[in-house]
Amino acid sequence: MALGRFCLVVVLAGGWLGASVSSGFSAKDTAVTTSGLPIPRYVSLKSDRVNVRAGPTKDNDVAWVYTRAGLPVEITAEFENWRRVRDSEGAEGWVYHSLLSGRRTAVVTMKSKDELAPIYDRADQTSAVTARLQAGVIAQVKHCAADWCHVSGNGYDGWIEQQRLWGVYADEKVD
């Protein structure tokens, strides 16, 4: 009899787990997080000195230090007041939440380091080119829609193709 109850519990638990695993939700649909915000999501570094730790406590060693305020990072996990972040090069570590900002920025990415990304007057490749940016330039993201993002920075303001940015999801709308 006890074995029968055990098997029933295993079958019920297996059915429940199977239903939750196959529900079709992606990581962006995760509803329950410490902050109440979705994961993954992009944010930026608030300070020009941000310690990245091997784990989510101050007892963990500092793995490296970011020295570029405004750098976009992707939050991939949360634990209490700590956020696991990934940068455009794929490096991951834990950062204290108060060192992150909801301000959206993005890094210009190009296939070749020598290539320049055109910034257009309008969200249209036939409009005037107002600037050309090198790979690695950080831009403030003002708005994104229909495969284009309105960005600005030191000495430029205009539109760039969304695919040329790391810090904005494909087809993401940013207001």
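Are Y120 and W148 buried or exposed? Both Y120 and W148 are buried, where buried means under 20% relative accessible area, exposed over 50%, and partly exposed in between (1.4 Å probe, protein chains only). The model is predicted, so local features need pLDDT of at least 70 and side-chain atom pairs count only at pLDDT 80 or more, while totals for chains, interfaces and linings use all residues. Residues are numbered from 1 along each chain as its sequence is written, and side-chain values use heavy atoms, with hydrogens and water left out.

The protein has 1 helix and 14 strands. These elements are DSSP runs numbered from the N terminus (helices: H or I, at least four residues; strands: E, at least two). Of the 175 residues, 38% are buried. The accessible surface comes to about 10500 Å². Carbon and sulfur atoms hold 53% of that surface. Areas come from the Shrake-Rupley method with a 1.4 Å probe; for residues, only the protein chains shown count as cover. Among contacts (heavy atoms within 4.5 Å) with a separation of 6 or more, 53% join residues 24 or more positions apart.

Strand 4 is largely enclosed by the rest of the structure, because 7 of its 8 residues are buried. Strands count as paired if DSSP finds at least two bridges between them. Strand 1 and strand 4 pair in the antiparallel sense over 4 bridges. There, P72 in strand 4 is the bridge partner of S44. Strand 4 also pairs with strand 5 (residues 82–86), again antiparallel, over 5 bridges. A77 stands opposite R84 in strand 5. The hairpin of strand 4 and strand 5 has 2 residues between the strands. In this hairpin, E80 takes a positive phi near 50°.

A69 lies in the loop between strand 3 (62–66) and strand 4 (72–79). A69 is partly exposed, with a relative accessible area of 41%. Leaving aside neighbours within four places in sequence, A69 is in contact with L45, K46, S47 and D48. A69 and K46 are 23 residues apart in sequence, yet 5.6 Å apart in space, C-alpha to C-alpha.

Aromatic rings were examined next. A pair of aromatic rings is described by the distance of the centres and the angle of the planes. Rings of Phe, Tyr and Trp (its six-membered ring) pair if their centres lie within 6.5 Å; planes under 30 degrees apart count as stacked, over 60 as edge-to-face and the rest as tilted. By this rule the count comes to 5 aromatic pairs. Y42 and W166 form an edge-to-face pair, 5.0 Å centre to centre with 80° between the planes. This pair links distant parts of the chain, with Y42 in strand 1 (residues 41–45) and W166 in strand 14 (residues 165–166), 124 residues apart. Y42 is buried at 10% relative accessible area, and W166 counts as buried at 17%. Y120 and W148 are also edge-to-face, 5.6 Å centre to centre and 80° between the planes. Y120 belongs to strand 9 (residues 116–120) and W148 to strand 12 (residues 148–153), 28 residues apart. Y42, W166 and Y169 form one aromatic cluster.

The charged end of K58 sits over the ring of Y96, 5.9 Å from its centre. The rule requires NZ of Lys or CZ of Arg within 6 Å of the ring centre and within 35 degrees of the ring normal.

The structure holds 1 disulfide (a pair of cysteine sulfur atoms within 2.5 Å). C144 and C149 form this link, their sulfur atoms 2.0 Å apart. The link is right-handed, with 110° about the S-S bond. Both C144 and C149 are buried.
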